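Here is a short briefing for a first look. Keep the sequence and the model open side by side as you read.

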Amino acid sequence: LKAHEAAEIVLLDVPLLYESHIDTACDAVAVVSAPPEVQRERVLARGAMSEAEFQTILSRQMPDAEKRARADYIIPTTSLEAARQAVKDVLADIRRRIQHA
């Protein structure tokens with residue numbers, strides 16, 4: 001963060017953000033979300049993990065519904081275009097907030 005302290009907006013990509021309590025150091029949180037069946041399909045399609053490994057990792061994470069409820073922004077990843085548009089919308093809203101602060 002120190003290296004970017006002059007930046008208007010700094011984006012952090014933090015796996016397990018809520019679980020590690022890093023969200024408390026953030027001005028806003030955006031959660032990237034996909035329906036459970038889409039998430040499972042994507043992970044298993046990579047071929048790097050078994051169903052059992054996926055379920056173990058999932059069991060250690062905060063449920064997606066809880067992350068979405070706590071987030072300031074939700075970025076749906078049902079399609080690349082939806083995700084791109086949501087990111088643009090989030091950045092536009094953050095810029096508006098900064099200008100009015």
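Arg 46 sits in the loop between helix 1 and helix 2 (51-60). Helices (H or I, at least four residues) and strands (E, at least two) are DSSP runs, numbered from the N terminus. The model is predicted: local features need pLDDT of at least 70, side-chain atom pairs count only at pLDDT 80 or more, and totals for chains, interfaces and linings use all residues. Residues are numbered from 1 along each chain as its sequence is written, and side-chain values use heavy atoms, with hydrogens and water left out.

- Arg 46 counts as exposed, at 63% relative accessibility. Buried means under 20% relative accessible area, exposed over 50%, and partly exposed in between (1.4 Å probe, protein chains only).
- Arg 46 and Ala 30 are 16 residues apart in sequence. In space, their C-alpha atoms are 25 Å apart.
- Arg 42 belongs to helix 1 (residues 36-45).
- With 35% relative accessibility, Arg 42 counts as partly exposed.
- Neighbours within four places in sequence aside, Arg 42 is in contact with Ala 34, Thr 77 and Thr 78. Contact means heavy atoms within 4.5 Å.

**The chain as a whole**

- The protein chain has 4 helices and 2 strands.
- Along the sequence, their pattern reads β-α-α-α-β-α.
- The C-alpha trace spans about 45 × 30 × 25 Å along its principal axes.
- The protein chain has 101 residues, and 19% of them count as buried.
- Take the contacts between residues at least 6 apart in sequence: 56% of them join residues at least 24 apart.
- The protein chain exposes about 7,600 Å², and carbon and sulfur atoms supply 55% of that area. Accessible areas come from the Shrake-Rupley method with a 1.4 Å probe; for residues, only the protein chains shown count as cover.

**Helix 4**

- Helix 4 has 20 residues. From its first C-alpha to its last it reaches 29 Å, close to the 28 Å expected at 1.5 Å a residue. The expected span of a helix is 1.5 Å times one less than its number of residues.
- Which residues of helix 4 are buried? They are Ala 83, Ala 86, Val 90 and Ile 94.
- An α-helix has 3.6 residues a turn, so residues three or four places apart point the same way.
- Lys 88 and Gln 99 are exposed on the other side of helix 4.
- Strand 2 (73-76) is included in what covers the buried residues of helix 4.

**Two residues of helix 4**

- Ile 94 is found in helix 4, which runs over residues 80-99.
- Sequence neighbours within four places aside, Ile 94 is in contact with Ile 9 and Tyr 73.
- Ile 94 and Ile 9 are 85 residues apart in sequence, yet 8.2 Å apart in space, C-alpha to C-alpha.
- Ala 92 also has its place in helix 4. At 30% relative accessibility, Ala 92 counts as partly exposed.
- Ala 92 is 64 residues from Ala 28 in sequence and 13 Å from Ala 28 in space, C-alpha to C-alpha.

- Leu 16 lies in the segment before strand 1 (30-33). Its phi is near 60°, a positive value in a residue other than glycine.
- Leu 16 counts as partly exposed, at 43% relative accessibility.
- His 21 lies in the segment before strand 1. His 21 is not a glycine, but its phi is positive, at about 65°.
- Is His 21 buried or exposed? His 21 is exposed, with a relative accessible area of 55%.
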